[in-house]
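This report describes the fold of a protein chain and the surroundings of its ligand. The sequence and the structure are shown first.

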Amino acid sequence: MPKRSQSSQRWLARQKRDGFTKAARREGRVSRAYFKLAQMDERFSLVQAHHWVLELGAAPGGWTLYLTERVTQGRIIAVDPSPLSVSGSRVAPITARFGEATANRRIEAVLAESSRASAVDLVLSDMAPNISGVRATDQAAALALADLAAAAAAKWLAAGGGLVVKLMQGDGCDAWVQSARPDFDQFTLVKPAASRAGSREAYAVALGYRRSNSWPEADR
Ligand SMILES: C[S@@+](CC[C@H](N)C(=O)[O-])C[C@H]1O[C@@H](n2cnc3c(N)ncnc32)[C@H](O)[C@@H]1O
């Protein structure tokens, strides 16, 4: 068996110590991320049974699993280049990188099955870049993914809908928040208890999307 690097040994040891990671394994929740969405939902009442949800950065599937427990009439469009370990009749998995044309085409194909006038009720993004270790590079990559999530909302989120976006606190984060905030009635930056205390991770939770137009078919 190949020897693990010291940093991966440290990561594994931390995972074993971590209460949310242990609970996720014990309770079959796929990943500790399950609890992050559960905690944000408990605070903000994000997810309704009839919701159509666009979930970006879905693998391995902690959030998707949580959504399958809540969404009993709507649909979960779960996008990630890595495969999901969660399935279900309400889940439309899209194995693709959001931002690439294939992903958009496949999202549109799922939405076309809907007879609803509007598109999705929630856009959730837990997308994270591969970490290079160079802080400025990683921060720029994280912000680029947050921009993609905001662009997904501009394209598909219904008026009054919600957006949750993973952010890394640091350079550019405040500016991102300032540019996104005016599009929503309510905007909060949160760090759920299940998010590691030492990490720069935070989530923008934005509710009441102020969409001024509906979707002319050609623009979707
Ligand atoms: C922190 S993990 C997500 C964990 C997931 N929410 C869960 O509950 O299991 C970050 C994910 O973002 C995905 N990702 C990164 N860039 C992406 C992109 N452009 N489109 C879709 N997913 C992306 C990665 O493949 C990775 O699976």
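The sections below go from the overall fold to the sheet, its helices, the ligand shell and a few local features.

## Overall fold

The model is predicted. It contains seven helices and seven strands. Read from the N terminus, the order of elements is α-α-α-β-α-β-β-α-β-α-β-α-β-β.

The protein has 220 residues, of which 38% count as buried. Among contacts with a separation of 6 or more, 58% are between residues 24 or more positions apart.

## The sheet

Seven strands make up an open sheet with mixed pairing, in the order β3-β2-β1-β4-β5-β7-β6. The edges are taken by β3 and β6 (184-190), and because each has a single partner strand, one side of each is left without a neighbour in the sheet. On average, neighbouring strands of this sheet are turned by 10° against each other, direction ignored.

Parallel pairing is found on both sides of β2. Strand β1 (residues 52-56) pairs with β2 in the parallel sense over five bridges, and Glu55 stands opposite Ala78 of β2. Strand β3 (residues 91-95) also runs parallel to β2, joined to it by five bridges; here Val79 stands opposite Ile94 of β3. Antiparallel pairing involves β7. Strand β5 (residues 157-168) and strand β7 (residues 201-209) pair in the antiparallel sense over six bridges, with Val165 opposite Ala204 of β7. The pairing of β6 with β7 is likewise antiparallel, over six bridges, and Gln186 has Leu207 of β7 as its bridge partner.

Is β2 buried or exposed? Six of the six residues of β2 are buried, so the strand is largely enclosed by the rest of the structure. Arg75, Ile77 and Val79 point one way from β2, while Ile76, Ala78 and Asp80 point the other way, and all are buried. The set thus includes the charged residues Arg75 and Asp80.

Together with β1 and α4, β2 makes a right-handed β-α-β unit. The buried residues of α4 are Gly62, Trp63, Thr64, Leu65, Tyr66 and Leu67. Another helix, α5 (residues 101-112), lies across β1, β2 and β3 and runs at about 165° to β3.

## The ligand shell

Which residues are closest to the ligand? The shell consists of 22 residues, and the closest are Ala33, Gly57, Gly62, Phe98 and Asp126. Both α4 (62-70) and β2 (75-80) supply at least two residues of this shell. By type, the shell residues divide into 13 nonpolar, six polar and three charged. One of the closest residues, Gly62, is also among the buried residues of α4.

Phe98, another of the closest residues, is found in the loop between β3 and α5. With 23 C-beta neighbours inside 10 Å, Phe98 counts as buried, since the cut-off is 20 or more. Leaving aside residues up to four places away in sequence, Phe98 touches Leu56, Val79, Ala103, Met127 and Leu148. Phe98 and Val79 are 19 residues apart in sequence, and their C-alpha atoms are 6.9 Å apart in space. Val79 itself is a buried residue of β2.

## Local backbone features

Two places in the backbone are described here. The peptide bond joining Ala59 and Pro60 is cis, with omega of about 5°. Pro60 lies in the loop between β1 and α4, two elements of the right-handed β-α-β unit.

Ser45 is a residue other than glycine with a positive phi, near 50°. Ser45 is placed in the loop between α3 and β1. What is the exposure of Ser45? With 10 other C-beta atoms within 10 Å, Ser45 is exposed, because a residue with 12 or fewer counts as such.

Definitions and conventions
Residues numbered from 1 in each chain as written. Predicted model: local features only at pLDDT ≥ 70, side-chain atom pairs only at ≥ 80, totals over all residues. Near = placed C-beta within 6 Å. Helix = DSSP H or I, 4+ residues; strand = E, 2+ residues; numbered from the N terminus. Contact = placed C-beta atoms within 7 Å. Pairing = 2+ DSSP bridges. Right-handed = clockwise from strand over helix to strand, strands pointing away. Axes fitted to C-alpha atoms, helices over the stretch in contact; angles between N-to-C directions.
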